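Me: I have a structure open and would like to talk it through with you. Could you take my questions one at a time?

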Amino acid sequence: MRPVDKGKSPNVYKNWKDARNDLAIRLGWYCSYCEMPVSNMLEVEHIVPRNHGGAPLSWENFLISCKYCNTIKSDNNTSRDGYLWPDRDNTDLAFNYSEKNIIEPEQENGFIEKAANATIKLLGLDRRPGGTNEPTDADTRWILRLQAWLIAKLSLENWKKLPDQNMADQIAKTAFGTGFYSVWKKVFENEPQVIDAFIKVFPNTYNEKDEHLKRKIRPGALI
Ligand SMILES: [Zn+2]
């Protein structure tokens, strides 16, 4: 899950639906949770559900989501507590994406592992054929994610043949069109030049580091 920096609200909203394009321009046309590219059905998602006291019109409480993540999440969380959120946590460090198309906690580390698992369950990110949580016919997230895996792996072969900046930039553009940032990051995990190109091309990817080059932990974050 790509960590993002939403920045300050660009507008005051009378209806939360009006925030959709501002969010998509700031964060890219991807679901904040499953990272699927969505061009026409993105929904403004309230992190803390409105019926659990979540602010209905506050930019701070918005992310952008595909229909599937939004529907599965519904009002099943009562606050941000106990979960990981891409606008607060270094979510890219908390989940592992494997070639078998499985998303699972990256760290076997008490509360972070627990929060990562809770987040996966909240959004149904463990839905895949053959797993314990079978996808519905309508839920295409796993199929498009699998496609991103295939394209990313072919791109890695191209990179190994010609590892220069033009190729890094071209692969980043392909990733931008394909979506699923975390899949690309995983496939290119040993290629920092390409990872840097991904961070540049996906809008407002959070990547602030401290003096030891470790990712800065934001206020309230678990990781
Ligand atoms: Zn989604």
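Predicted model: local features only at pLDDT ≥ 70, side-chain atom pairs only at ≥ 80, totals over all residues.

Me: OK, how many helices and strands does the protein have?
Reply: The protein has 7 helices and 4 strands, where helices (H or I, at least four residues) and strands (E, at least two) are DSSP runs numbered from the N terminus. Read from the N terminus, the order is α-β-β-α-β-β-α-α-α-α-α.

Me: What does the radius of gyration say about the protein?
Reply: A compact globule of 223 residues would have a radius of gyration near 17 Å, and the protein has 17 Å, so the two agree; the radius is taken over C-alpha atoms, and the globule rule is 2.2 Å times the number of residues to the power 0.38. Along the principal axes, the C-alpha atoms fill a box of roughly 55 × 40 × 40 Å.

Me: And how much of the protein counts as buried?
Reply: Of the 223 residues, 48% count as buried, with buried meaning under 20% relative accessible area, exposed over 50% and partly exposed in between (1.4 Å probe, protein chains only). The accessible surface comes to about 11,300 Å², and 52% of that surface belongs to carbon and sulfur atoms; areas come from the Shrake-Rupley method with a 1.4 Å probe, and for residues only the protein chains shown count as cover.

Me: Switching to the metal, which residues coordinate the zinc ion?
Reply: The zinc ion is coordinated at 2.3 Å by the SG atoms of Cys31, Cys34, Cys66 and Cys69. Donors here are N, O and S atoms within 2.8 Å of the metal (3.2 Å for Na, K and Ca), and since water is not among the atoms, sites may look incomplete.

Me: What arrangement do the 4 donor atoms make?
Reply: The arrangement is tetrahedral, because the 4 donor atoms subtend angles of 107 to 115 degrees around the zinc ion, and four donors count as tetrahedral if all angles lie between 85 and 135 degrees. For reference, the ideal angle for four tetrahedral donors is 109.5 degrees.

Me: How are those donor residues spaced in sequence?
Reply: The spacing is C-x2-C-x31-C-x2-C. Cys34 is in the loop between α1 (20–27) and β1 (43–46) and Cys69 is in helix α2 (residues 67–73), so this pair ties together parts that are 35 residues apart in sequence. Both Cys34 and Cys69 are buried.

Me: Where is Phe180, and is it buried or exposed?
Reply: Phe180 is in the loop between α5 and α6, and at 1% relative accessibility Phe180 counts as buried. Phi of Phe180 is near 65 degrees, again a positive value in a residue other than glycine.

Me: What covers the buried residues of α7?
Reply: The cover includes α4 (141–161), α5 (165–178) and α6 (181–187). The buried residues in helix α7 (residues 192–201) are Val194, Ile195, Ala197, Phe198 and Ile199.

Me: Last one: what does the side chain of Asp89 reach?
Reply: The side chain of Asp89 reaches the backbone nitrogen of Leu222 at 2.6 Å, and it also makes a polar contact with the side chain of Arg88 (2.9 Å). A polar contact is a pair of N or O atoms within 3.5 Å; within protein, one must be able to donate a hydrogen and the other to accept it, and residues adjacent in sequence count only if both atoms are side-chain atoms. Asp89 is found in the loop between α2 and β3 (95–97) and is buried, with a relative accessible area of 0%.

Terms used: Residues numbered from 1 in each chain as written. Heavy atoms only, no water. Tetrahedral: all angles 85-135°; square planar, octahedral: opposite > 155°, others 65-115°. Contact = heavy atoms within 4.5 Å.
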